[in-house]
Amino acid sequence: MSAQRQETVRRLAAPDITARKGGVPIVCLTAYTAPMAELLDDHCDLLLVGDSVGMVVHGLPNTVGVTLEMMILHGQAVMRTSKKAMVVVDMPFGSYEGAPENAYQNAVRIMKETGASAVKVESGSTVVETIEYLVKRGVPVMGHVGLRPQAVLVDGGFKAKGRAGEERARILEEAKATAAAGAFAVVVEGVAEGLAREITEAIAVPTIGIGASAGCDGQILVTDDMLGLFDWTPKFVRRYADLRGEISKAIAGYADDVRQRTFPGPAEIYFAKAANT
Ligand code: KIV
């Protein structure tokens with residue numbers, strides 16, 4: 001990065017994202033590592049250090065096993081190389097659902113140790129009081145309604161939500177309560193398209209859709225999904241690359257070269273210096 005860019009770039013903050021309600025769509029992606037964050041930073045308004053890191057990077061079956069320490073480590077990596085995008089760190093399962101005071105201690109730890117600008121919580125009705133508690137004490141909070149991955153063991157799988165009746169009404173109410181509690185934006189995941197639009201119209205802060213609706217105020221995807229790093233992706237993911245295929249091709253090429261002793265070649269080795277030079 002040039003010295004000039006360093007001087008002029010200001011990192012986006014929660015009020016900048018909130019001010020984008022109804023405007024140019026907000027571009028968000030997940031980031032877990034320093035090199036990826038550097039690549040994403042020029043193109044994204046917001047980078048989410050999602051607890052999906054547990055499944056994507058650490059091979060966990062779901063996000064329930066993700067720890068505060070994991071989120072802090074990945075948050076630090078993303079903060080080191082991003083300059084412009086707002087960085088939000090997910091609060092992992094078990095770090096915010098109890099007493100608001102505990103949630104506050106954990107959120108403060110995340111913000112102090114990573115330098116990130118906000119945290120995200122999966123905002124069921126029991127978490128609304130905590131969102132208000134955090135925001136009143138200076139912690140910007142992003143909500144997350146609809147399909148809540150941390151509730152996977154209660155729900156019995158990653159299923160689309162709010163396609164009918166009582167569940168639809170409940171999610172709408174949770175989104176409204178999350179916004180009323182002071183969240184600066186709300187992720188809306190895996191819900192019927194019409195519900196995502198209704199939430200977007202009903203709340204005063206931006207909705208960030210994932211498997212939701214093009215009518216949301218912004219979109220987010222898991223970066224590794226949209227880059228084609230997995231052989232299976234959910235229906236709502238559009239693949240913009242086939243990195244799994246590219247990586248496999250590259251590794252096969254390297255393995256062939258090693259076995260045939262064509263790597264390293266003359267350009268890739270050091271020769272002894274001539275004497276007295
Ligand atoms: O953990 C995560 O990556 C998320 C996004 C999918 C919204 O919560």
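Which pocket is the space taken by the ligand?

Mentor: The ligand takes up the space of the largest pocket. A pocket here is an open set of points on a 1 Å grid over the protein atoms alone, with protein on both sides within 12 Å along at least five of seven lines; a molecule sits in it if more than half of its atoms lie within 2 Å of its grid points. The model is predicted, so local features need pLDDT of at least 70 and side-chain atom pairs pLDDT 80 or more, whereas totals for chains, interfaces and linings use all residues. Residues are numbered from 1 along each chain as its sequence is written, and side-chain values use heavy atoms, without hydrogens or water.

The shell around the ligand consists of Thr30, Leu48, Gly50, Asp51, Ser52, Asp90, Lys120, His144, Val187 and Ile210 (a heavy atom within 4 Å). For aspartate 90 the separation is 3.1 Å, for aspartate 51 it is 3.0 Å, and for lysine 120 it is 2.9 Å. By itself the ligand would expose 260 Å², and the protein buries 95% of that area (Shrake-Rupley method, 1.4 Å probe).

Lysine 120 in turn has a polar side-chain atom 2.9 Å from a ligand oxygen. Aspartate 90 belongs to strand S3, residues 86–90 (helices, at least four residues, and strands, at least two, are DSSP runs numbered from the N terminus). Aspartate 90 counts as buried because its relative accessibility is 3% (buried is under 20%, exposed over 50%, partly exposed in between).

The whole chain gives the setting for this site. Its secondary structure comes to twelve helices and eight strands, and its C-alpha trace spans about 80 × 40 × 35 Å along the principal axes. Of its 277 residues, 45% are buried.

Asparagine 102 lies in helix H6, residues 100–114, and is partly exposed at a relative accessible area of 48%. Between asparagine 102 and threonine 130 there are 28 residues in sequence and 9.6 Å in space, C-alpha to C-alpha. Arginine 238 occupies the loop between helix H11 (223–226) and H12 and is exposed, with a relative accessible area of 57%. Its C-alpha is 8.2 Å from that of aspartate 225, a residue 13 positions away in sequence.

At 74% relative accessibility, arginine 261 counts as exposed. Proline 264 also lies in the segment after helix H12 (243–259), and a cis peptide bond with omega of about -5 degrees joins phenylalanine 263 to proline 264. Most residues other than glycine have a negative phi, and most peptide bonds are trans.

Technical notes:
Polar contact = N/O pair within 3.5 Å; in protein donor to acceptor, adjacent residues only side chain to side chain. 1 Å grid on protein atoms, 1.4 Å probe; cavity = no way out; pocket = protein on both sides within 12 Å on 5 of 7 lines; lining within 4 Å. Buried < 20%, exposed > 50% of the residue type's maximum accessible area, 1.4 Å probe, protein only.
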